[in-house]
Amino acid sequence: MSSPAGKPARPIAIIGGTGPAGMGLAYRWVRAGETIIIGSRDDQRAQLAAAAIELKVGKQANISGMENSAACAAADILMLTIPFEGQAALLKQLKPSIAEGSILIDATVPLASSVGGRASRPLGVWQGSAAQQAAELVPKGVSVVAAFHNLSAELLAGEEPLDCDVVVCSDDPDAAQLIRELAALIPGVRAIDGGKLENARIVEQITALLIGLNIRHKGHSGIRITGLPPAAYR
Ligand SMILES: NC(=O)c1ccc[n+]([C@@H]2O[C@H](COP(=O)([O-])OP(=O)(O)OC[C@H]3O[C@@H](n4cnc5c(N)ncnc54)[C@H](OP(=O)(O)O)[C@@H]3O)[C@@H](O)[C@H]2O)c1
């Protein structure tokens with residue numbers, strides 16, 4: 001199987017891909033010609049979600065649905081889109097299915113709503129960020145890349161280009177570059193090297209601010225980073 005650009009297919013497994021964030025990313029990437037596996041705790045739910053995207057995109061869509069551990073085993077690029085409260089337990093469960101050399105993209109936003117508080121308040125994480133917690137839990141030789149925290153799932157599900165930059169943070173520069181390429185496939189998105197994984201803490205917390213702004217102003221806010229030389233934007 002090959003993508004429209006003639007590159008070999010590189011399946012991306014979206015773990016927890018049945019929710020709005022995973023479905024939105026899946027929709028945009030399938031439209032860009034990527035091969036997507038929707039993961040879920042329930043095999044049937046995953047297949048239904050994949051079928052819903054195929055219906056939207058058309059029969060040419062390269063998309064399937066599988067239980068999360070099967071999805072992990074079938075791909076080297078894993079996108080994690082589940083609520084923070086489930087992150088540690090799910091990663092521990094999936095650890096045997098994640099191959100060495102894989103990339104785990106983490107979009108988890110630790111919000112106070114996970115512990116009964118407000119979604120507009122960030123939750124402190126002992127490791128510094130949800131992405132750093134993920135890095136402690138994946139098998140050795142798996143690179144964690146933090147990205148996509150500030151994109152609105154509702155806008156991803158729509159047809160318009162997004163008015164938002166994606167700040168990508170990782171301790172593995174090669175993995176980060178690949179994920180910046182994936183981010184730039186989403187119309188309107190510019191991907192920016194955000195430095196080390198520890199910076200994910202700041203990017204995750206911006207989402208709490210965006211949620212507060214959305215509630216206050218009834219919108220779908222995003223971020224733009226200005227003033228950098230053109231080469232900084234992918
Ligand atoms: N929504 C947004 O606009 C947005 C934007 C940027 C980042 N994010 C972040 O992306 C993540 C996903 O967001 P979302 O809105 O898509 O979340 P969601 O709808 O609450 O959850 C996504 C999926 O995760 C699975 N899941 C739920 N609880 C779980 C648990 N305890 N353990 C394992 N799997 C569980 C469910 O899939 P199954 O039941 O099928 O397994 C669910 O459909 C969150 O961390 C969020 O902060 C969201």
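One aromatic pair is found in this predicted model, where rings of Phe, Tyr and Trp (its six-membered ring) count as a pair if their centres lie within 6.5 Å. Trp-29 belongs to helix α1 (residues 20-31) and Phe-148 to the loop between β6 (143-146) and α6 (153-156), so the pair ties together parts that are 119 residues apart in sequence. Helices (H or I, at least four residues) and strands (E, at least two) are DSSP runs, numbered from the N terminus.

**Ground rules**
- Residue numbers start from 1 along each chain as its sequence is written.
- In this predicted model, local features need pLDDT of at least 70 and side-chain atom pairs count only at pLDDT 80 or more, while totals for chains, interfaces and linings use all residues; side-chain values use heavy atoms, leaving out hydrogens and water.

**Rings and charges**
- Over the ring of Tyr-27 sits the charged end of Lys-56, 3.7 Å from the ring centre.
- Tyr-233 has the charged end of Arg-190 over its ring, 4.0 Å from the centre.
- For such a charge, NZ of Lys or CZ of Arg must be within 6 Å of the ring centre and within 35 degrees of the ring normal.

**Cysteines**
- You will find zero disulfides here, a disulfide being a pair of cysteine sulfur atoms within 2.5 Å.
- From the sulfur of Cys-169 to the closest cysteine sulfur, in Cys-164, is 13 Å, too far for a bond.
- Cys-169 is buried at 0% relative accessibility, and Cys-72 is buried at 2%.

**Ligand surroundings**
- The ligand is surrounded by 19 residues, the closest being Thr-18, Ser-40, Arg-41, Arg-45 and Ile-82; a residue counts if one of its heavy atoms lies within 4 Å.
- Ligand oxygen atoms lie 3.0 Å from a polar backbone atom of Ala-21, 2.8 Å from one of Arg-41 and 2.7 Å from a backbone N or O atom of Ile-82.

**Gln-87**
- Helix α4 (residues 84-94) contains Gln-87, which is buried at 0% relative accessibility.
- The Gln-87 side chain reaches the backbone oxygen of Ala-130 at 3.0 Å.

Note on methods
Rings of Phe, Tyr and Trp (its six-membered ring) pair if their centres lie within 6.5 Å; planes under 30 degrees apart count as stacked, over 60 as edge-to-face and the rest as tilted. Buried means under 20% relative accessible area, exposed over 50%, partly exposed in between (1.4 Å probe, protein chains only). A polar contact is a pair of N or O atoms within 3.5 Å; within protein, one must be able to donate a hydrogen and the other to accept it, and residues adjacent in sequence count only if both atoms are side-chain atoms.
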